[in-house]
Amino acid sequence: MSGTTITSSTSLSTSLVLSKGETLSVQAGVTVQGGAYNASYLIGAPSTASGVAVDNSGALLGNNSLATNESAISLGDGGMVSNAATGSIEGNASGIVAAGGVLNVYNRGVISGILDSGIQASTATIVNAASADISGTMYGISAASLSLVNMGEVDSAGGTAVEAIAGTVNNYGAIQGGMDGVNLSGGGEVVNDGGMITGLAGDGVAMQAGTVINESSSSGILGAMTGVAIAGPGSLVNQGIVGGSTDGAALGSGTVINTGTLVGLSTGVSVSGPGYVMNSGLLGGIDHGVALASGTVVNQGLLAAGNG
C-alpha cells in the first residue's frame, strides 16, 4: 500500500490518478484545483484500482476551465473517502463519483456538486456528521444501493435530496429536496429520529415498498404533495409530524400507526388496497380523515375531516 501527502496548494496540469491500494492525504489549508485540461475528474482511480482512499482536510476543487463536467473525485472501483471538518470537496459536475465497487464516505465537512450530485455511486455507505453538508443541484446523494446515516444536512436545490433504488436511511439531521426529500424507487427503510425530511415540490418520503418510522415527537416529514408515499405494500409508524398538501400518507396497502400528528389538505391517510390504521394522536384531512379501500380503522385519538 502506497501513500501520497499533498502539503501545499497546487493547480494540477492533468488529473491525479491513484493506483491500487494508494492513499492520498490532503492537509488542512491546502487547495488542490483543476487547471486548463479536459478531463472528467480532478482526482480519480480506474476500475482496476481497488482499495484506494482519500483523506481530505483541505479543499478539492474540480473546477478546471476546459471541462465543465469535472467531478472532484471519481473512483472506478469504489474506495474510502474521509472529509474532515476543514475539508471541502466540490465538483463542477459531482463532488464524488464511484461507478463501481463499494464507496465508503465519512463526511464532517462539505461535499457538493454544482451541476449534478454531491455524491453519486453504485453502492455506498455514507455517514454525514453533525454540521456537515452534502449537496447537489440534481441530487444530494444518488446511489443504486445506499446505507445513509445523516446527522448534518443533505440537500438538493432542484431534485431529490436522497435518491436510491434500494436502501436504508437513518436521519437525525435535515434532508431537503427541491422535489422529494427521500426517494427509494425499489423500496427500503427510512427512520427519522429527531430530524426533518422535506420535499419542497414533491413528497417528503417516497418509495415503492417498505417502512417509514418517524420516531420521536420532534421528528418531521413534510411534502408539497404527500408526506409519506408508499406505492405498494408498506408501513408507517408516526410519533412526530407527517404532513402533505394532498395526503398526509398514501399507501398501496399496509399499516399506519399514528400517535403523533398526521394531516393532509385532502386526506390524512389514504390506502388504496387493504389496510389497517390505528390512531391515538391527531389524524385528519379536509376531505377525509382516512380513506381505506378495505380493512380496519381503530381510533383512540382525534380523527377529523372537514367534509365528514
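Buried, as I use the word, means under 20% relative accessible area, with exposed over 50% and partly exposed in between, for a 1.4 Å probe and protein chains only. This is a predicted model, where local features need pLDDT of at least 70 and side-chain atom pairs count only at pLDDT 80 or more, while totals for chains, interfaces and linings use all residues. Residues are numbered from 1 along each chain as its sequence is written, and side-chain values use heavy atoms, with hydrogens and water left out.

I start with E22. It sits in the loop between β3 (16–17) and β4 (23–26); strands here are DSSP runs of E, at least two residues, numbered from the N terminus.

What does E22 contact, beyond its neighbours within four places in sequence? With contact meaning heavy atoms within 4.5 Å, the partners are S2, T4, V17, G51, V52 and A53.

Next, S131, in the loop between β14 (117–128) and β15 (133–136). S131 is not a glycine, yet its phi is positive, about 75°. Its relative accessible area is 76%, so S131 counts as exposed.

Last, I241, which belongs to strand β27 (residues 241–244). I241 is partly exposed because its relative accessibility is 41%.

Methods:
Helices (H or I, at least four residues) and strands (E, at least two) are DSSP runs, numbered from the N terminus.
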